[in-house]
Amino acid sequence: MHHAMDLLVIGGTLLLALAAHGLGQKIHVPRVTLMLLLGALAGPDLLSLLPEGSDQSFGFVTHLTLALVGFLLGERMSMKDLHEGREALILSLAVTLATATVVTLVVWLITGDGVAALLLGAIATATAPAATMDVLKEAGAQGPLTRLVYQVVAIDDAWGVILFSLALVTAGLLAGSSDLGWTILGQGLAEVGGSIVLGLTLGFPMAWLTGRLRPGEPMLLESAGFVFIAAGLASLLGASYLLTCMTLGIVVANRAKHHVRPFRSIEGISEPFLALFFFMAGYQLEWSLLPALGALGLAYVGARIAGRVLGGQIGGLLAGSDDHTRNRIGACLMPQAGVALGLALLATERFPHLGYLLPLVISATVIFELVGPPLTLLQLRHAGETGQSVEEDKDED
């Protein structure tokens with residue numbers, strides 16, 4: 001009976017995703033936002049439509065989905081175009097540093113607490129690669145801004161993890177626990193470095209094997225097998241499975257002879273998992289925590305928005321980007337999800353007296369995950385890089 005309910009939940013969620021896709025195209029709202037809202041309505045805080053314990057497998061769905069997303073993002077980091085790679089690197093670093101700086105200053109001015117300010121500043125840099133990628137795919141977006149968003153999102157969270165590790169060290173020094181801070185820094189750098197090494201170790205044999213079992217036609221089995229093994233080993237070794245799978249994808253994109261086909265294979269099976277991921281993420285949203293946002297939370301949300309936009313402007317100037325890229329790239333990077341919650345949980349564990357950080361970040365994440373994807377879609381449409389914008393232009397003519 002338990003598995004019967006699981007199958008009903010899965011089947012119903014996939015059909016809801018199909019309906020959300022159709023509705024989203026008519027009202028110009030990304031299905032990410034619609035699936036989150038549907039999940040939140042079905043959740044225990046509101047209608048409580050699902051049987052108790054239905055969300056227990058969410059951890060596995062999250063793990064599997066982000067592994068697929070990480071690998072697919074790796075395709076966008078081809079090193080053949082060095083100019084684009086340089087532009088993405090500069091922009092991502094500028095957006096990360098500007099966001100952290102603005103949020104840290106605003107929180108410090110409001111609270112006078114340097115530890116909380118540093119931690120919230122670092123947490124604010126995290127993005128939601130799954131939501132952003134789904135918006136780009138759903139819109140059929142193509143163009144220079146789209147390519148840049150793919151690349152920046154791919155490396156954004158790596159900068160965020162490194163910065164958060166440094167923030168924890170500094171916060172530990174301010175709080176008088178420097179030994180703990182340096183230990184955390186070592187763990188953070190080891191996690192990033194270990195993820196890259198593991199991705200490289202598995203990436204080269206995968207790139208060599210691709211297309212050899214069936215000349216010119218790599219099978220889904222070999223692609224999915226490597227991705228899932230990479231994610232599993234990363235978890236066992238305490239590395240980041242998102243960064244590991246992204247590195248795996250980067251190696252395949254740059255080294256495999258038939259590098260496009262493994263990504264199309266994985267892309268073909270990712271849709272159901274993305275639908276489940278967004279619905280269950282919405283199901284777990286605790287709307288009762290929204291009142292905890294308060295003045296500090298609203299300031300955090302406003303500062304993060306300002307930091308993203310400012311970082312896009314500064315990074316665009318340094319990288320020599322065109323005007324429309326500078327004006328839009330920051331607004332395309334608003335979605336925020338699981339990585340931010342994980343960092344907030346770690347910060348709360350390390351500094352128990354800052355118990356308000358977690359509900360504040362959860363509340364802000366609800367807002368960014370609901371508002372961020374439509375904002376990304378709007379920017380791409382104004383840039384003329386979505387199917388809708390092209391059709392609208394034709395109609396106007």
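**Notebook: helix α3 and its partners**

I looked up α3 against α9 and found H63, L64, A67, L68 and F71 in α3 meeting V227, F228, A231 and S235 in α9; contact means heavy atoms within 4.5 Å. Helices here are DSSP runs (H or I, at least four residues), numbered from the N terminus. I note that this is a predicted model, where local features need pLDDT of at least 70, side-chain atom pairs count only at pLDDT 80 or more, and totals for chains, interfaces and linings use all residues. Residues are numbered from 1 along each chain as its sequence is written, and side-chain values use heavy atoms, without hydrogens and water.

Next, the geometry. Helix α3 (residues 58-74) packs on helix α9 (residues 220-237) at about 115 degrees, with the axes 10 Å apart. Axes are lines fitted to C-alpha atoms, for helices over the stretch in contact, and angles run from 0 to 180 degrees between N-to-C directions.

Then I turned to α10 (residues 241-255). Its angle to α3 is about 30 degrees, and the axes lie 6 Å apart. The two helices are therefore roughly parallel (angles under 35 degrees). On the α3 side I listed T62, H63, L66, A67, G70, F71, L73 and G74. Among their partners in α10 are Y241, L242, C245 and L248.

Last, the core. Which residues touch the most other members of the largest nonpolar core? They are F71, L73, V227, L248 and F278, out of 80 residues. Such a core is a set of buried (under 20% relative accessible area, 1.4 Å probe, protein chains only) Ala, Val, Leu, Ile, Met, Phe, Trp, Tyr and Cys residues joined through side-chain atoms within 4.5 Å.

Key
Buried < 20%, exposed > 50% of the residue type's maximum accessible area, 1.4 Å probe, protein only. Parallel < 35°, antiparallel > 145°, perpendicular 65-115°, else oblique.
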